[in-house]
Amino acid sequence: EPEPPVSVADSQSGWGSGAQGENSWYYGYYNQTADDDGTYDPNTDFDTTDPNWTFLNGIWQLGVDGNPAANAPWTNVGQVNWHPNGDNQPQGVHWAMKRWVATVDDTLHVRVQFKKVSPNGNGTTLLILNNGTEIYRVTMNSTAGIDELVDLGEIFAGDKIDFALTPEGLDGGLADGADGSSLIATIFTGPVPPPTVEELANTESDWGGAAQGENNWFYGYWNKTTDLDGNYDPNEDFDNVD
């Protein structure tokens, strides 16, 4: 039998003190507006060294010279909650990003729990990338959110698994109004497991004393020969009272 999945990383519990590199997690942002080619490069565009990118009041946030807590920009990354910056701000479009640098060689999948904090605005987009290649994308404006499994495929130690929050909404707009979102990403060994099947009824174990209606089972017959139209009608032809 295959080995049961084992958690190798968790964006919530792995946060620890929020320090860069703790539990192999890193926190940064991508300034898409300032990128000449507008295409994310995981080796050059994941910014953790901007002097205005500071850990303040328990979150990583982007300020401006002389004001590390400035709003805008709204770019920030916390343990669970985070926020991108949009094209309605003078700083332009920023992706808020969490990165896990793989510590294992294995086939992996991730449980993604993602939602909006506020139902206002036009929504946000979550991207998952492996060494810059997009694996998964979802856009939503729901405070109920999603809870689903995503296949990461074969991963090698040192691979850069990026979780990026962009201001792109359901209408394709890139404004950042009410774009606060929440993410818990738990990474497991193995491929995505098949869905669990919940047994609702069993003809053998539910038999019990075989009483009519016990465990919602009934036992009868249909006399096809005496049925004038010869077509089974479940409302009239199931006979358990003869």
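Predicted model: local features only at pLDDT ≥ 70, side-chain atom pairs only at ≥ 80, totals over all residues.
View 1. Strand β12 spans residues 160-166 and is mostly covered, with six of its seven residues buried.

**View 2. Phe163 in the largest nonpolar core.** The largest nonpolar core holds 32 residues, and Phe163 is one of the five that touch the most other members, together with Val110, Val112, Phe114 and Ile128. Another core lies apart from the largest one and consists of nine residues, including Phe46, Val93, Trp95 and Met97.

**View 3. The five-stranded open sheet.** Five strands form an open sheet in the order β2-β7-β12-β9-β10, with antiparallel pairing. Strands β2 and β10 (133-140) each have a single partner strand and stand at the edges, so one side of each is left without a neighbour in the sheet. On average, neighbouring strands of this sheet are turned by 20° against each other, direction ignored.

**View 4. Strand β9 and its two pairings.** On one side, strand β9 (residues 124-130) is joined to β10 by seven bridges, and the two strands run antiparallel. Within this pairing, Leu127 has Arg137 of β10 as its bridge partner. Strand β9 is also joined to β12, by six bridges and again in the antiparallel sense. Here Thr125 has Thr166 of β12 as its bridge partner.

View 5. Asn130 is found in strand β9. Is Asn130 buried or exposed? With a relative accessibility of 15%, Asn130 counts as buried, because the cut-off for burial is under 20% relative accessible area. Not counting residues up to four places away in sequence, Asn130 touches Ile135, Ile155, Asp159, Lys160 and Ile161.

View 6. Thr33 lies in the loop between β2 (25-31) and β3 (53-56). Thr33 and Gly92 are separated by 59 residues in sequence, yet their C-alpha atoms are 5.4 Å apart in space. When residues up to four places away in sequence are not counted, Thr33 touches Gln91, Gly92 and Val93. Val93 is also among the nine residues of the core that lies apart from the largest one. In the protein as a whole, 63% of the contacts between residues at least 6 apart in sequence join residues at least 24 apart.

View 7. Ala72 lies in the loop between β4 (59-62) and β5 (76-77). The peptide bond from Asn71 to Ala72 is cis, with omega near 0°. The bond joining Ala72 and Pro73 is likewise a cis peptide bond, with omega about 0°. Pro73 is located in the loop between β4 and β5.

View 8. Ala210 is placed in the segment after β13 (181-189), and its phi is near 65°, a positive value in a residue other than glycine. Asn216 lies in the segment after β13; its phi is near 70°, again positive in a residue other than glycine. How exposed is each of these residues? Ala210 has a relative accessible area of 25% and is partly exposed, whereas Asn216, at 65%, is exposed.

**View 9. The whole protein, for orientation.** The protein contains 13 strands and zero helices. Its radius of gyration is 26 Å, well over the 18 Å that the globule rule gives for 242 residues, so the protein is more spread out than a compact globule. Taken along the principal axes, the C-alpha atoms fill a box of roughly 90 × 40 × 35 Å. Buried residues account for 40% of the 242 residues. The accessible surface comes to about 12,900 Å², and 49% of that surface belongs to carbon and sulfur atoms.

Notes. Residues numbered from 1 in each chain as written. Heavy atoms only, no water. Helix = DSSP H or I, 4+ residues; strand = E, 2+ residues; numbered from the N terminus. Contact = heavy atoms within 4.5 Å. Pairing = 2+ DSSP bridges. Axes fitted to C-alpha atoms, helices over the stretch in contact; angles between N-to-C directions. Rg over C-alpha atoms; globule rule 2.2 N^0.38 Å. Buried < 20%, exposed > 50% of the residue type's maximum accessible area, 1.4 Å probe, protein only. Areas by Shrake-Rupley, 256 points an atom, 1.4 Å probe, with all protein chains shown as cover. Core = buried A, V, L, I, M, F, W, Y, C linked by side-chain atoms within 4.5 Å.
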